[in-house]
Every structure is written in structure tokens, then in C-alpha cells.
Amino acid sequence: LPVAVAELARRRAWAERIAQEAPNFKDGVENPRPSLKFIREAMRLKPPAAAFYRASDDWIELGEHGAVPPGMPVAVCMDYPGAGLNGGAESFDPDRWTEDYS
């Protein structure tokens with residue numbers, strides 16, 4: 001969360017949007033509220049863990065790169081902020097966390 005706090009200090013407009021939503025949670029906590037979008041974007045840019053490890057019970061086929069046998073630990077890298085985005089990955093844009101974002 002340090003990244004979220006730093007970004008919030010830089011972005012007064014977002015701080016005001018988040019402050020306005022504070023007393024209004026009647027729509028639930030998972031709706032695309034400003035605070036939730038802001039936290040998601042901060043965590044996308046700087047995830048709390050750069051990678052995590054998993055092991056499969058089955059073979060994992062990697063195409064031309066071979067295969068991973070059952071039980072072998074595999075690191076999944078989370079520190080790639082542009083994954084799945086078409087441009088603008090380096091910019092801080094909490095509004096990308098809406099269903100109609102294109």
C-alpha cells in the first residue's frame with residue numbers, strides 16, 4: 001500500500017473522489033468505486049509480491065519449450081504491469097478498472 005499512499009498524495013483529484021465516497025457503501029464494496037479502482041491500479045503497477053510459486057499435480061505442457069513434470073515448483077511472475085493491456089501500461093489510470101474501459 002505504500003505506492004497507493006504515494007500516488008494519492010500526488011493526485012488531489014483522486015483524493016477528493018475517494019473522500020466523497022467514504023460515507024456511501026450502500027451499493028456494496030465490490031462495485032467500481034474510486035477507492036477500489038485506485039487500490040487495484042496501485043497494486044497493478046507495484047504488486048506486493050513480485051512472484052509466487054506453485055506446483056501442479058499434472059504435467060504442464062509448454063509447447064516448443066518442453067514440459068514441467070508434476071510436483072516441480074514453477075514461479076509465476078507478477079511484476080509485469082503491462083500484462084494484458086493494449087498501451088498505456090506505464091501510466092497510472094484507475095479508471096481502467098471499469099467494465100467499459102477500452
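Which backbone oxygen does the side chain of R96 reach? The oxygen is that of S91, at 3.1 Å. A polar contact here is a pair of N or O atoms within 3.5 Å; within protein, one must be able to donate a hydrogen and the other to accept it, and residues adjacent in sequence count only if both atoms are side-chain atoms.

## What you're looking at

This is a predicted model, where local features need pLDDT of at least 70 and side-chain atom pairs count only at pLDDT 80 or more, while totals for chains, interfaces and linings use all residues. Residues are numbered from 1 along each chain as its sequence is written, and side-chain values use heavy atoms, with hydrogens and water left out.

Back to R96: you'll find this arginine in the segment after β4. R96 counts as buried, at 7% relative accessibility. Buried means under 20% relative accessible area, exposed means over 50%, and partly exposed is in between (1.4 Å probe, protein chains only).

## The aromatic cluster

There are two aromatic pairs in the structure. Rings of Phe, Tyr and Trp (its six-membered ring) pair if their centres lie within 6.5 Å; planes under 30 degrees apart count as stacked, over 60 as edge-to-face and the rest as tilted. W14 and F38 make a tilted pair, 5.9 Å centre to centre with 50° between the planes. W14 sits in helix α2 (residues 12–21) and F38 in helix α3 (residues 34–45), so this pair ties together parts that are 24 residues apart in sequence. Helices (H or I, at least four residues) and strands (E, at least two) are DSSP runs, numbered from the N terminus.

Put together, W14, F38 and F92 form one aromatic cluster.

## R17, a charge with two contacts

R17 lies over the face of W14, 3.9 Å from the ring centre. For a charge to sit over a ring, NZ of Lys or CZ of Arg must be within 6 Å of the ring centre and within 35 degrees of the ring normal.

The side chain of R17 also meets that of D95 in a salt bridge (3.5 Å, N to O). R17 is partly exposed at 31% relative accessible area, and D95 is partly exposed at 29%.

## The E7 network

Salt bridges that share partners join E7, R10 and R11 into one network. A salt bridge is a side-chain nitrogen of Lys or Arg within 4 Å of a carboxyl oxygen of Asp or Glu, and the structure holds six of them. E7 meets R10 at 2.8 Å, N to O, and R11 bridges to E7 with the closest N and O atoms 2.8 Å apart. E7 and R10 are three residues apart in helix α1 (residues 2–10), so about one helical turn separates them.

How covered are these residues? E7 is buried at 9% relative accessible area, R10 is exposed at 58% and R11 is partly exposed at 29%.
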